[in-house]
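My entries follow the structure.

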Amino acid sequence: MFIPKLYRSEDYDLMREIIKENSFALLISSVDKIRATHSMMMLNEDDPENAYIETHISRANPQAKTLNDGDEVLCDFLGAHTYISSSWYDHINVSTWNYEAVQIHGTVEIMNHDELYTHLDKLTSKYESFQQCPMMVEDMGREFVEKEMKGAFGIKIIPTEIFIKQKLSQNRKETDYNNIISQLEQSDHNARKIAEKMKLIKK
């Protein structure tokens, strides 16, 4: 990911936030050819010094058939993003897009049976806990879950490089910057979220 110095971040709390809130991300590999799969991802920080991404895809997916231990992959997370109109500046310029993103390059470790079971349990708990009548893994019964697991390919991605980008009009003068915030606050959820982020980095 190309990150000009002005937009580069080393805020790992921001990275965690982006991953947590945008966990349906892209798993990209190029073992035989470029392949990409949208999949649910989680940041595993059981050992904070050795954090990693965990995910699973369908075993029938051609990407799963090509991945082996040690292969390089890219996890791509897009956070809040919104259009920035050049009509909001006090001078002629081009329109652009403000956004937050995380890319994690890493090496593959294929999950064993128990790791995949635990991964699916955690993933289910994360999203079912908010449901009116949650259906947890233990409610399904181990025999049923293990039968379904035969169709899942679980992997851990051990980070080798982490890129955090926060492009929030840092290159604009104060009057334009403030007007962008004002315009975004009148728009949709993503735009308002970017406006809040812009206020935070301005402080």
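I count two residues as in contact when heavy atoms lie within 4.5 Å. This is a predicted model, in which I take local features at pLDDT of at least 70 and side-chain atom pairs at pLDDT 80 or more, while totals for chains, interfaces and linings use all residues. Residues are numbered from 1 along each chain as its sequence is written, and side-chain values use heavy atoms, without hydrogens and water.

Entry: C75. I looked up its contacts, leaving aside neighbours within four places in sequence, and found L26, L27, M41, I53, V102, Q103, I104 and I157. C75 has 0% relative accessibility and so counts as buried (buried is under 20% relative accessible area, exposed over 50%, partly exposed in between, with a 1.4 Å probe and protein chains only).

Entry: cores. I define a nonpolar core as buried Ala, Val, Leu, Ile, Met, Phe, Trp, Tyr and Cys residues joined through side-chain atoms within 4.5 Å. The largest has 21 residues, of which L27, I53, C75, F77 and I104 touch the most other members. At least two residues each come from α1 (12-21), β2 (24-29), β4 (52-58), β5 (72-84), β6 (96-110) and β7 (152-167); these elements are DSSP runs numbered from the N terminus, helices being H or I of at least four residues and strands E of at least two. A second, separate core holds 13 residues, including I180, L184, A191 and A195.

Entry: α6. In this helix, residues 174-184, I list D176, Y177, I180, I181 and L184 as buried. Seen down the axis, they fall within an arc of 140°, so they line one face of α6; the arc is taken from the directions from helix axis to C-beta atoms. They pack against β5 and α7 (189-202). On the face turned away from the buried side I find the exposed residues E174 and T175.

Entry: cysteines. How many disulfides does a search of the whole structure find? The search returns zero, with a disulfide taken as a pair of cysteine sulfur atoms within 2.5 Å. C133, at 67% relative accessibility, counts as exposed.

Entry: strand pairing. I call two strands paired if DSSP finds at least two bridges between them. β5 and β6 run antiparallel and are joined by 11 bridges; Y83 has W97 in β6 as its bridge partner. β6 also pairs with β7 in the antiparallel sense, over 12 bridges, and there the partner of Q103 is F163 in β7.
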